[in-house]
Amino acid sequence: MKKQTTFILGAILMATVFLSSCNKAGSNKNAEAPEGWHLVWNDEFNGNKIDSTKWDFQTGTGSQYGLDGWGNNELQYYRKENASVKNGNLIIEARKENYSGMAYTSARLRTVKNDGTQLFSKTYGRIEARIKMPVGNGLWPAFWLLPATDDYGSWASSGEIDILEAKGRLPNRVYGTVHFGQAWPGNKYSGSMYKFPDNQTIADYHVYSLEWEPGLLRWLVDGNVYYETSQWWSLGAGESEPYAYPAPYDKPFYILLNLALGGNYDSGVSPEASSLPAQMFVDYVRVYDKDQPYATNVKRPTPQRDEKSFKAFETSDGHSFIFDSGLQNAVCDTGNLSLASNENMDVKSRDWYFLGLSDFGGSANSTPQTLDGIEGRLVQIKNQGNQNYSIQLIQHLPVAKGYSYKIQFDAKAGAPRKIALKLGGDADNSWAVYSPEYYPQLTEEIQHYSYFFTMENDTDPTARLEFNMGLDTNDVWIGNVSVTQEEL
């Protein structure tokens, strides 16, 4: 009798193990840590409910955070009821159901509480998850990181790392992205796409990993590296120089998992009824630390320099690339021009252009004016317009990839106000932004301003330096403008 009981119990145990293995679709819960790493935090989702010591929910439409549609025009209302733990998986389910004015529901979890209490956050490490995702239009699953503090400022000054994003209508690929730079709209990003081998899609379980070290971010799928970067920066509001590298990626970040619907990420494509309900399965989330100490005193790598173009651009005196530093000559200084005129300017000219863009409600006059022996230009604003670029002073100049530049000028205003300054491309370069956007606070006294940037885009022989003076009716005076190449 005892032997028979032992045999029956053994058979049940084996069946349980077999069923668990089938449900996990090949998952190995006892897998060894990747070589050179050791486990420091994990959730294997082995219980029957979500572990509240590890995860909390964000609910709603984002409006309570000042982010209607979660900042991306998303279509779902996040609810706790749309997440569960079953058969060793966290399951996030998107549904077609009307709830609190929204047509869809889903779930969003993170390792921080809504009161700011950190359940788990990490600086550096290998963060990975084994995930199976739904296929269909308008489905946007994500596994990502956000900063635990805003030490460097609001998004994206303090950074964001998207370990995994997928578009349900393109099931043979996933994306990894890093966001950095300035607070929106001065944010920048870089990333890449991983395309699965034939006969594999996001509907299969795959392991998505990020290896994060000082000065290095590396993305992997199933152990295959598909993108890495060391190029990023962070510039705080009102600052003229970036924070010390590797900011913002030298602070703790927390983990998020969610399944969004619609939104800007995939051009506003809406879900189809036949694709819902849709489920995102997360087998596990694991975080590792390196066995060896992390590097210290890392330096931001210098982008490869376009030396040939730069030598062709060098000025005769080796100094400023700006012609007419005192802004004495300006084309179209009657203002009230349309955007079409802006696009069709003769970019080969090195004169200053003065623009009041009527398309955006801006109009102004400008005249040369010398103050305290400094040549400059006074801009008298009639209509402030609805964009900071409604009123502009522009000069075209060459900038070469990989070189750093220092922009300097003197300025004052009729009353305290801000202006916006940046260097970017024209329409032929899709209005690309090359420098951080700088917002100097002007006073009624002449002050000297300067800031640095490194040209990471391709060389542009006709880049445009913009002084944007819209959104305020107070007059602005600008003089003594220079752009010089500097070693940072």
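## A tour from sheet to cavity

Start in β29: there, Gly479 is the bridge partner of Gly376. Keep in mind that this is a predicted model.

**Stop 1: the strand pair.** Select residues 374-384, which are strand β21, and residues 476-486, which are strand β29. Four bridges join the two strands, and they run antiparallel. Strands of a sheet pair through backbone hydrogen bonds, either parallel or antiparallel.

**Stop 2: the whole sheet.** The open sheet has five strands, in the order β20-β21-β29-β23-β27, and the pairing is antiparallel. Which strands stand at the edges? They are β20 (362-371) and β27 (447-454). Each has a single partner strand, so one side of each is left without a neighbour in the sheet.

**Stop 3: the largest nonpolar core.** Select Ile131, Phe143, Val174, Ile255, Leu257 and Val285. These residues have the most contacts inside the largest nonpolar core, which has 59 residues. Which strand gives the most to this core? Strand β17 (residues 278-290) does, with six residues. In soluble globular proteins, nonpolar side chains tend to be buried together.

Zoom in on Ile131. Leaving out residues up to four places away in sequence, Ile131 touches Phe143, Leu164, Asp204, Tyr205, His206, Tyr208, Leu257, Met280, Phe281 and Val282.

**Stop 4: the largest pocket.** Switch to a surface view. The largest pocket has a volume of about 1,400 Å³. Its lining has 45 residues. Which of them lie nearest the centre? Select Trp70, Asn72, Trp144, Trp155 and Glu160.

Then colour the elements that give two or more residues to the lining: β7 (108-110), β9 (139-147), β10 (160-165), β11 (173-181), β12 (187-195) and β16 (253-261). The largest share, five residues, comes from β9.

**Stop 5: the cavity.** How many cavities of 30 Å³ or more does a search of the whole structure find? The search finds one. Select Gly138, Leu139, Trp140, Gly262, Tyr265 and Asp266, which line the largest cavity. About 30 Å³ of space lies inside.

Conventions:
Residues numbered from 1 in each chain as written. Predicted model: local features only at pLDDT ≥ 70, side-chain atom pairs only at ≥ 80, totals over all residues. Heavy atoms only, no water. Pairing = 2+ DSSP bridges. Core = buried A, V, L, I, M, F, W, Y, C linked by side-chain atoms within 4.5 Å. Buried < 20%, exposed > 50% of the residue type's maximum accessible area, 1.4 Å probe, protein only. Contact = heavy atoms within 4.5 Å. 1 Å grid on protein atoms, 1.4 Å probe; cavity = no way out; pocket = protein on both sides within 12 Å on 5 of 7 lines; lining within 4 Å. Points joined across faces, edges and corners; volume = space filled by probe spheres on them.
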